[in-house]
Amino acid sequence: SEIHHTMEESQVPDIEAELGESIVTSSMEELSVSLVELVKQLGPKLRVGTAEVKDEMMMLASDLKKLKSESVTLLMENTWPQLHSDSCKLCFCIPFCASSELCGILCRRILLPWMSESLPSRLEQLSEILSPEGEIVCVTLVAPLLRLEDSPLVHDLLNLEDFMSSMSPKHWTVLLREFLSGLGDLDKWQVSALATIVQHAEPTCDILFTLVQLMSATGSTFAQSREFGALLVAVANHLKADSVSLVPQLKLIVNNYKGSLKFKALKVLADVS
């Protein structure tokens with residue numbers, strides 16, 4: 001079995017070389033078959049870490065960049081249904097994170113439909129794979145998922161934190177700005193998600209202003225909501241000298257709030273002012 005394992009490993013570089021050569025010359029069907037074969041061989045290695053698999057899969061990135069976006073989409077849509085394990089699916093994502101254009105197509109056409117229904121078993125590893133293009137992932141995948149009431153990320157916000165585990169506060173801030181840009185009225189199921197994002201982000205003055213106006217418009221609706229209280233505390237914790245002008249308006253919202261976190265929010269505001 002050791003000899004067989006060694007032979008299998010020696011075949012991988014050959015498949016990579018053949019796949020790289022065929023990306024421009026082969027039909028999408030042939031290319032898809034080769035890609036499936038490669039990820040089925042490399043996918044199981046993800047169980048012991050991402051680095052080795054990433055190095056091998058990224059060898060395809062320069063060739064994938066040569067394809068037109070329509071061809072990339074066709075390749076993804078031909079290949080994805082043939083991948084049945086999370087390991088293979090995560091492995092497949094790796095070379096498409098070599099550029100924002102490729103990653104954007106991956107998020108919109110493959111990951112968004114997939115993660116709208118269910119989540120992979122290794123969210124933190126998927127986060128690590130996608131993190132080189134964290135900003136485009138936040139805009140084209142995470143924010144759209146958080147706008148779906150039935151999204152698994154919304155149902156359990158620990159999933160959101162796991163999925164963002166390899167992202168920086170900068171990425172959380174990109175997510176916050178994008179999430180706010182798509183909000184009209186604030187629904188109850190969105191309050192907890194928004195509070196979680198604010199806690200991890202580093203909101204700028206303009207974002208804080210938008211948040212305070214949003215809470216001012218909806219505060220009476222959520223006067224008893226603990227989740228809304230958590231949002232009030234999270235926003236108050238970000239107020240600094242350059243945003244102290246927002247304190248009076250936020251204090252008015254907190255004074256009208258009847259939930260259990262009222263006094264915590266007032267204490268934070270007292271420390272700011």
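Student: What does "buried" mean for a residue, and how does the word apply to W80?

Tutor: A residue counts as buried when its relative accessible area is under 20%, as exposed when over 50%, and as partly exposed in between. W80 has a relative accessible area of 11%, so W80 is buried. Keep in mind that this is a predicted model.

Student: How many of the residues in the protein are buried?

Tutor: Buried residues make up 50% of the 273 residues.

Student: What is the secondary structure of the protein?

Tutor: The protein has 17 helices and zero strands. Its C-alpha atoms fill a box of roughly 70 × 40 × 35 Å along the principal axes.

Student: Into which domains is the protein divided, and how far apart are their centres?

Tutor: The assignment gives domain 1 at residues 13-133 and domain 2 at residues 168-272. The C-alpha centres of domain 1 and domain 2 are 38 Å apart.

Student: What do the contacts say about residues that are apart in sequence?

Tutor: Take contacts between residues at least 6 apart in sequence: 73% of these join residues at least 24 apart. S118 lies in the loop between α7 and α8 (123-130). P152 is 34 residues from S118 along the chain, yet their C-alpha atoms are separated by 6.4 Å.

Student: What kind of pair do F222 and F228 form?

Tutor: The ring centres of F222 and F228 are 5.7 Å apart and their planes are at 25 degrees, so the pair is stacked. Both F222 and F228 are buried.

Student: Which residues are linked into a cluster by ring pairs?

Tutor: The cluster consists of W80, F92, F96 and W114.

Student: What does the side chain of S225 reach?

Tutor: The side chain of S225 reaches the backbone nitrogen of F228 at 3.1 Å. S225 is in the loop between α14 (205-218) and α15 (226-238). With a relative accessible area of 12%, S225 is buried.

Student: How do helices α2 and α6 cross?

Tutor: A crossing is read from the distance between two axes, their angle and the handedness. The axes of helix α2 (residues 28-42) and α6 come within 8 Å and cross at roughly 115 degrees. The crossing is right-handed. On the α2 side, L35, V39, K40 and L42 take part, and they meet C88, C91 and F92 in α6.

Student: Where is S32, and which residues is S32 in contact with?

Tutor: S32 is in helix α2. Setting aside neighbours within four places in sequence, S32 is in contact with L75, N78, T79 and Q82. Its relative accessibility is 2%, so S32 counts as buried.

Student: Which residues of helix α13 are buried, and what covers them?

Tutor: In α13 (residues 188-200), the buried residues are Q190, V191, A193, L194, A195, T196, I197 and V198. Their cover includes α9 (134-146), α11 (157-163), α12 (169-181), α14 and α15.

Student: Which residues does L211 touch?

Tutor: L211 is in helix α14. Not counting residues up to four places away in sequence, L211 touches L176, L180, L194, V198 and V235. L211 has a relative accessible area of 1%, so L211 is buried. From L211 to A236 is 25 residues in sequence and 11 Å in space, C-alpha to C-alpha.

How values were computed. Residues numbered from 1 in each chain as written. Predicted model: local features only at pLDDT ≥ 70, side-chain atom pairs only at ≥ 80, totals over all residues. Heavy atoms only, no water. Helix = DSSP H or I, 4+ residues; strand = E, 2+ residues; numbered from the N terminus. Buried < 20%, exposed > 50% of the residue type's maximum accessible area, 1.4 Å probe, protein only. Polar contact = N/O pair within 3.5 Å; in protein donor to acceptor, adjacent residues only side chain to side chain. Domains from an automatic or database assignment. Phe/Tyr/Trp six-rings, centres within 6.5 Å; stacked < 30°, edge-to-face > 60°. Axes fitted to C-alpha atoms, helices over the stretch in contact; angles between N-to-C directions. Left-handed = near helix turned anticlockwise from the far one by under 90°. Contact = heavy atoms within 4.5 Å.
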